[in-house]
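Thanks for making time for this.

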Amino acid sequence: ELEDALAQLRQEMQDQVLKALEERLTAMLAKQRELTALTKVTDRLKGEALTAADVVPASIQERCAKESKGEAGLASESHDAIKLLEEDGTTAVFPELFAELEIDLTKVSDRLVQCETGSTTQDMQRQIEEMMAMLLDSLKKRIEEGGGT
């Protein structure tokens, strides 16, 4: 009876972790979509504002830096999610996917620091959005199935 109670408690805790992760990932995806849209606008503005010497104006550099910080913040969120999953031991798959996500977000952040706002960066951002959406779908299915293992 005690083992059953412990198993049920463990399951409830895993469900709570997955639901918290779902909420975090939903917020991350919304933020990523916002950053992707901002990068597209920044790229257009950059193209309009480049001087004859191809110097990026300070206002565009500031936009790039702000967007880079946003991407770095999402990378940090991914890192925190990894720690949460590792502590909980809920699944072996999700930490690896969040680790990949963290790497990709860091790459985009690094590109934006350099004011690289073009199609390559925007494509990377869209791929990140797709990965986040896939992770979110997987989490939702896992929660519906009863979480855990």
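This is a predicted model: local features need pLDDT of at least 70, side-chain atom pairs count only at pLDDT 80 or more; totals for chains, interfaces and linings use all residues.

Let me begin with Arg 24, which counts as partly exposed at 27% relative accessibility, where buried means under 20% relative accessible area, exposed means over 50%, and partly exposed lies in between, computed with a 1.4 Å probe and protein chains only. Residues are numbered from 1 along each chain as its sequence is written, and side-chain values use heavy atoms, with hydrogens and water left out.

Which residue does Arg 24 pair with? Its partner in a salt bridge is Glu 77, with the closest N and O atoms 3.3 Å apart; the term stands for a side-chain nitrogen of Lys or Arg within 4 Å of a carboxyl oxygen of Asp or Glu. Because Arg 24 lies in helix H1 and Glu 77 in helix H2, the pair ties together parts that are 53 residues apart in sequence. Helices here are DSSP runs of H or I with at least four residues, numbered from the N terminus. Glu 77 is also partly exposed, at 29% relative accessibility.

Glu 48 and Arg 44 form one of them, with 3.2 Å between the closest N and O atoms, and both residues lie in helix H1, four residues apart, which is about one turn of the helix. Glu 48 counts as exposed at 56% relative accessibility, whereas Arg 44, at 46%, counts as partly exposed. In helix H4, Asp 123 and Arg 126 sit three residues apart, again about one turn, and their side chains meet in a salt bridge at 2.3 Å, N to O. Both are partly exposed, Asp 123 with a relative accessible area of 34% and Arg 126 with 37%.

Now to the helix geometry, starting with H2. Its 31 residues should span 45 Å at 1.5 Å a residue, and the end C-alpha atoms are 45 Å apart, which agrees; the expected span is 1.5 Å times one less than the number of residues. Among the buried residues of H2 are Ile 60, Cys 64, Glu 67, Glu 71, Leu 74 and Leu 85, and the buried residues of this helix pack against H1, H3 and H4, contact meaning heavy atoms within 4.5 Å.

Helix H3 covers residues 93–113, and its 21 residues reach 31 Å from the first C-alpha to the last, close to the 30 Å expected. Where on H3 do its buried residues lie? They include Phe 94, Phe 98, Leu 101, Leu 105, Val 108 and Leu 112, and the buried residues cover an arc of only 140° around the axis, which puts them on the same side of H3; the arc is that of the directions from the helix axis to the C-beta atoms. What covers them includes helices H1 (2–49), H2 (58–88) and H4 (119–144).

Cys 115, in the loop between H3 and H4, has phi near 60°, a positive value in a residue other than glycine. Cys 115 is buried, with a relative accessible area of 5%.

Leu 45 and Glu 22 are 23 residues apart in sequence and 35 Å apart in space, C-alpha to C-alpha. Met 13, also in H1, is partly exposed at 46% relative accessibility, and together with Leu 2, Leu 6 and Leu 9 forms a nonpolar patch on the surface with about 410 Å² of accessible area. Patches are made of residues with over 30% relative accessible area and no salt bridge, like charges being joined within 9 Å and nonpolar side chains (Val, Leu, Ile, Met, Phe, Trp, Tyr) within 5 Å. The areas come from the Shrake-Rupley method with a 1.4 Å probe, and for residues only the protein chains shown count as cover.

Terms used. Helices (H or I, at least four residues) and strands (E, at least two) are DSSP runs, numbered from the N terminus.
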